[in-house]
Amino acid sequence: QVQNSDFKNKSAEMEADAPLIPSKHIIFVCNWERTDSINAVTKMIKESRSEISIWALIHDDKAESLLDYNIYDSVLDVRHADVAVGEDILSTVTIREVLSRDRFLDDTSANHILLQRQYKLISDWLAPVKNAILIGEVSWAIEELVLIYARSRAWDYFTPSVSRSFDRRWFLANGMSEETMVSPLSEVLSDRVSQAILSTRPQYYYQALYDLKFLNRLRSTSLKKLISYLKSRKRRDLFLSKVKKQLSWVLTVFMKNNLKSSKLENKKLAIFPMHVQPEASVDYLAPNLRDQYKVIEKLVEILPEGYILAVKDHPGNIHEFSIMSKLKLIFNKNILYLKPSFNIAEHYSEINMGFAITGTLALQLAERGVPTFTLARIFFNEHALCNYLDLDACTTVQVGENDFSEVILEEENIRVKAYVFKNSFEGFCFSTEEHGFRDPLYITNLSYELAHRASLRY
């Protein structure tokens, strides 16, 4: 049961205490994955706080078909932007940066015009709004345009994000960053389900891998999608990368599924798991590190004396797929190239150092006493053994036993867990077989937090 009675009671108390100043608008940026849960959140807020104005922006066909138009005070559809712009509003540099991160839109003059028109629509639509909270992902160019506008008005743009290895928890992130967890301003509702840090990956990981499989993607590809692939260079390249990946299975023969290798004789082991691409965790949280082969080359250069780098391949790393680059990794004497099926969790005790861009492995290793580094700033840098590393500025990774001698691991793990729990909510903010995108805890917690924030008069 969604805890709607608690929500209504607390909202009534909040309303009674509120001064006579208009609430902030709540603006949802809807994509096809989240629209159903956004409808549920909007209905819940409107039932108890009908005076809060809730708007929605849609930018894909599925979101348009799922959106319940009747419950929103205003809806903007930016799919067909035909507004006259005049002079460019955004600089060419900004537009190119935005296009470079979108997985499908090419850097063409037509798309430059499209984004300028979409930004004009967004600006005109939101111009009358005094203050607002925006909620959406940043996984597509249009979502980044909304984020840019929000920042120009000094408005909050929040993205509900998974709390990584902390199962059934999520938090609010600041747009294109998970460096910090946005501290909740409301009381976090909970059904008192016991929590534990998982030693294995959360459920959404396996669902994502299933969806990324070539045959599964092929089954879900319509003729319309296939035609669109032919019209877009990025889509063609992505499709060809998937084909090449299927044809390159023979390369796995040269990859290792264990840590038995002459390369490891008298050496310490550092590990870097390749990240799935295309995916917001790299393309938007760390866009300068999208070429993971260059990242690996740099890591080999800066490793301390006496270390060798183990690289675990990722079955979903297809955006920057390169057979030649993989061959270089296989035959590099300073790299141990591991198969995608290699289970890192079974070998924690053999790892001396870990690297990740934004991956959860960095936290999982730190919890077990292994010094780790993330190559983008991420909220679990809170852990004393999990630090941020500026790859461009670093010449040699310096790790001494004395650096962590004062860390009492059990106490540190408890402290970091408490930090995450304090700044996160319970519920699934991703799709599961049991809940879809409508986990009652997620919807209840997000509804109350947004209503609370909208009522604050500053």
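A residue counts as buried when its relative accessible area is under 20%, and as exposed when that area is over 50%. The model discussed here is a predicted one. By this cut-off Trp 170 counts as buried, because its relative accessibility is 0%, and Tyr 442 is buried as well, because its relative accessible area is 5%.

Rolling a probe the size of a water molecule over the atoms shows where empty space is left. The structure holds 1 cavity of 30 Å³ or more, and the volume of the largest cavity is about 130 Å³. Its lining is made up of 14 residues, and those nearest the centre of the cavity are Arg 34, Ile 38, Ile 135, Pro 160 and Tyr 442. In composition, the lining of the largest cavity comprises 9 nonpolar, 3 polar and 2 charged residues. At least two lining residues come from each of strand 1 (25-30), helix 2 (35-48) and helix 16 (440-455), and helix 2, with 3 residues, gives the most.

The aromatic side chains come next. A pair of aromatic rings is described by the distance of the centres and the angle of the planes. Across the whole structure, a search finds 9 aromatic pairs. One of these joins Tyr 119 and Tyr 149, and it is edge-to-face because the planes of the two rings stand at 65°, with the ring centres 6.1 Å apart. This pair links distant parts of the chain, since Tyr 119 belongs to helix 5 (residues 109-126) and Tyr 149 to helix 6 (residues 141-152), 30 residues apart. Both Tyr 119 and Tyr 149 are buried, and together with Trp 155 they form one aromatic cluster.

Tyr 442, named above among the residues nearest the centre of the largest cavity, also takes part in an aromatic pair with Trp 170, which is edge-to-face, at 5.0 Å centre to centre and with 80° between the planes. Because Trp 170 lies in strand 6 (residues 169-174) and Tyr 442 in helix 16, the pair ties together parts that are 272 residues apart in sequence.

Which rings have an arginine placed over them? Arg 103 lies over the face of Trp 140, at 4.6 Å from the ring centre, while the charged end of Arg 169 sits over the ring of Phe 421, 4.2 Å from the centre of that ring.

Conventions:
Residues numbered from 1 in each chain as written. Predicted model: local features only at pLDDT ≥ 70, side-chain atom pairs only at ≥ 80, totals over all residues. Heavy atoms only, no water. 1 Å grid on protein atoms, 1.4 Å probe; cavity = no way out; pocket = protein on both sides within 12 Å on 5 of 7 lines; lining within 4 Å. Points joined across faces, edges and corners; volume = space filled by probe spheres on them. Helix = DSSP H or I, 4+ residues; strand = E, 2+ residues; numbered from the N terminus. Nonpolar A, V, L, I, M, F, W, Y, C, P; charged D, E, K, R; others polar. Phe/Tyr/Trp six-rings, centres within 6.5 Å; stacked < 30°, edge-to-face > 60°. Buried < 20%, exposed > 50% of the residue type's maximum accessible area, 1.4 Å probe, protein only. Lys NZ or Arg CZ within 6 Å of the ring centre and 35° of its normal.
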